[in-house]
Amino acid sequence: MMINPLLKTTALVAVAAAAAAPAFADKASNTLNVAFTKELENVDSYFNSSREGVVLQRAVWDGLIYRDPETNEYVGNLAESWEWIDDTTLEFKLREGVTFHNGEPFNADDVVYTVNFVADEQNGVKTQRNVNWMESAEKIDDYTVRIHLKDKFPAAIEFLSGPVSMYPNEYYAEAGPSGMGLKPVGTGPYKVTDVTPGQHFVLEKNENYHDSPKGQPEIENIDIRTIPDVNTQMAELFSGSLDLIWQVPADQAEKLATMDQFTVANESTMRVGYLQMDAAGRSGENPFTDKKVREAVNYAINRQELVDALLKGKSREIYTPCFPSQFGCEEDAATTYEYDPEKAKELLAEAGYPDGFSTPFYAYRDRQYAEAIVSYLNAVGIDTDFKMLQYSALRELNMDGEVPISFQTWGSYSINDASAMVSQFFKHGSLDNTRDDQVLEWLDVADSSTDPQERIEYYTKAIERITEEAFWAPMFSYNTNYVFTDEVAYEPTPDEVLRFTDMSWN
Amino acid sequence: MTDMTDPLMQDVQGPSPRDLLKRRVKGHLGLLTGVGIVGLLVLVAIFAPLLAPHDPYAQSLMTRMEPPVFLGGDWEHPLGTDHLGRDYLSRLIYGARVSLLIGAVAALISGVIGTAMGVAAGYFGGKVDAVVTFLINVRLAMPVVLVALAVVAILGGSLTVVIGVLGLLLWDRFAVVMRASTLQVARRDYVAAARSIGASTPRILLTEIMPNIVNNLIVIVTLEMAHAILLEAALSFLGLGVQPPTPSWGLMVSEGKNMMLFEPWLVLIPGIVLFLLVLAINLMGDGLRDVTAPENRS
């Protein structure tokens, strides 16, 4: 094999380069060196929308509730218990004796301040959907607090265990989002000792961490650097100046796994890749308004091959317009389309396109997957004019209704409820290219009902119709690879969140 | 009349200019190498459908990134397969079409624009010259890659857009050189003679000026061809040039980049071919200059 000598040379070069690197990663110094691929705009978790932000949020702050990533059970974190007073009021008994990293004690005032601040649209929280279901918070006594909802919102507990974390009222009032971004203060298992915005984050174990379901932190220091290029990340991993990298592409992870100095752990994520088609004809006359054409697209894609050869790991074929673990996402309700290019050609001929047709095809990420998908479409006679755009540019174009077909993905913000995906795209919003009144009606019922059985029933109906009409071509779920040195012990969870508290040295 | 068979006269006459040219060509290794490689790649591009062992678009995800023969692969795919299981040799062969087409057409467009402007400026002088010189300065002040990136980003990448953008951007060197050469030639006696016997301006430009500056033109054409090919590769590498699944060498380098650490041949093969083509075109251009205008050699 040619690979090994080459690898050795590369590793040697990398070692030479890393000799000059500042931090030295190892068990002896009790510092874990981690790489982020993307630049994080602001550490304040309400003012970024990236995966990296979620990772830091879980390390630095706590929510009232915690969802066990293994059992999906909700347990109290900053709250000891909670109950529904009525359909739109939640009451929490808070944990006593918790202090923030700056010494400020945690009590009802912090909850009231945080909730009222983030729920106010004026304050411009980045992902409004995470917080705009809350109306306000009200202090009952020092350790009892009520959160008022704007409307019935069955996923409230899920959101409170996820993106809604508690900030210290006095400090936040003074520092604001930008100050919080530079010197974050929370109750979490790690405190932030140094922030170079977008580049470098240093965390230190919180010795006084309360008895949280997250568990106590073991590793003393976490040193996170932004390294955009995956080849550089791997070179640093070889040289030992990084201990853990994640979101490693499948091909590279496979090669790293054969080197047996690294642990390669693969976990599924909630992100689903799908083709969105303009069934409503928003972009003018286009073939995708015809159900037969949409079915043909569904039959043209070899989902199994995509999963086996490109995505690998714990990815799987998806036929639902949501991720099957999500509440209400009933897989059995979905019509499945087995790979059948002949049938696809027949359907195209029946629809009046015996020689196929030509269409612009848009994508914004995973060029390799997009190319493979385009090639399947080409094979049944759908000629494509491939356009790769930035996410924001494609989103804008899509909102204006100018996209006949595009390769999209949606990660549902790791929210384990079908409303986070199917209701996002089929309720006549600006990104809805289907505009189906029947689906809208059913989703309205499912989204606002507090009866779980009724919710399942109506999501099922919606999924049945969406897949039967082939409005989308859902294809596969994503996975993510975590690669770390043998010195590190860690078991990743399926929600794409790095949990530093779960890591230790071997 | 002189008798051509007179041995004395033959000695005085010496070899004809054509014989001299032939002799210089034969003695110029760089030119021969350049012409050889370029000629070979042109033939490959023309006969791509006959030469390519596979359909360059045929995807086979189950046989992705198979190594080339010299790294332990098999002869089914002599240069291995790419990240979507497409035959690398076939894509390389079809990629030659894209590179040469872009190089040739972009050089043609910019050549026509630049030559017209340069000759007009050099021959007419005065206001025409002032305007052309101004335009050249404006053009020289624009960073080519940046402008090309911006235009392609706005219009969307495709073969036609890339050719158009490069064609409209790369005329500056033509204009500069053609203007200078025309200035030189236009003052010669034979041009004055042609004018004095009443030859029309188009006739003077076509039959008196052009033939005497065409050797400079050829050199610039080759330089700009190489320039356009490299720019296309750069644009495609950045994802703004030719769009997939069209095979382009720049795109192939970009697609192989992520696996560079483990499968370096994915980048090396198209990289080497691109390097060879650009080197050959430059050798050819240099050689043509040496051979056709030896008095200009520095």
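How many Å separate the centres of domain 1 of chain A and domain 2 of chain A, taken over C-alpha atoms? The separation of these two centres is 33 Å. The model shown is predicted, so that local features need pLDDT of at least 70 and side-chain atom pairs count only at pLDDT 80 or more, while totals for chains, interfaces and linings use all residues. Residues are numbered from 1 along each chain as its sequence is written, and chains are lettered from A and ligands numbered from 1 in the order in which they are written.

**View 1. The two domains of chain A.** Domain 1 covers 40-178 and domain 2 covers 269-479 of chain A, with bounds from an automatic or database domain assignment. Contact between them (C-beta atoms, placed from the backbone, within 7 Å) involves 10 residues of domain 1 and nine residues of domain 2. On the domain 1 side, the touching residues are four nonpolar (Ala, Val, Leu, Ile, Met, Phe, Trp, Tyr, Cys and Pro), four charged (Asp, Glu, Lys and Arg) and two polar (the others, Gly among them).

**View 2. The contact between chain A and chain B.** Chain A contributes 23 residues and chain B contributes 19 residues. Among the chain A elements that give two or more residues are helix H1 (3-18), helix H10 (303-311) and strand S14 (382-388), helices being DSSP runs of H or I with at least four residues and strands runs of E with at least two, numbered from the N terminus. The largest share of the chain A side, six residues, comes from H12(A). That side divides into 12 nonpolar, six polar and five charged residues.

**View 3. An annotated segment of chain B.** An unreviewed UniProt entry places the feature "domain: ABC transmembrane type-1" at residues 96-285 of chain B; UniProt positions are given in the numbering used here, feature names are shortened, and annotations may be inferred rather than shown by experiment. Over residues 96-285 the chain is 83% helix and 0% strand, and the end C-alpha atoms are 19 Å apart.

Note on methods:
Contact = placed C-beta atoms within 7 Å.
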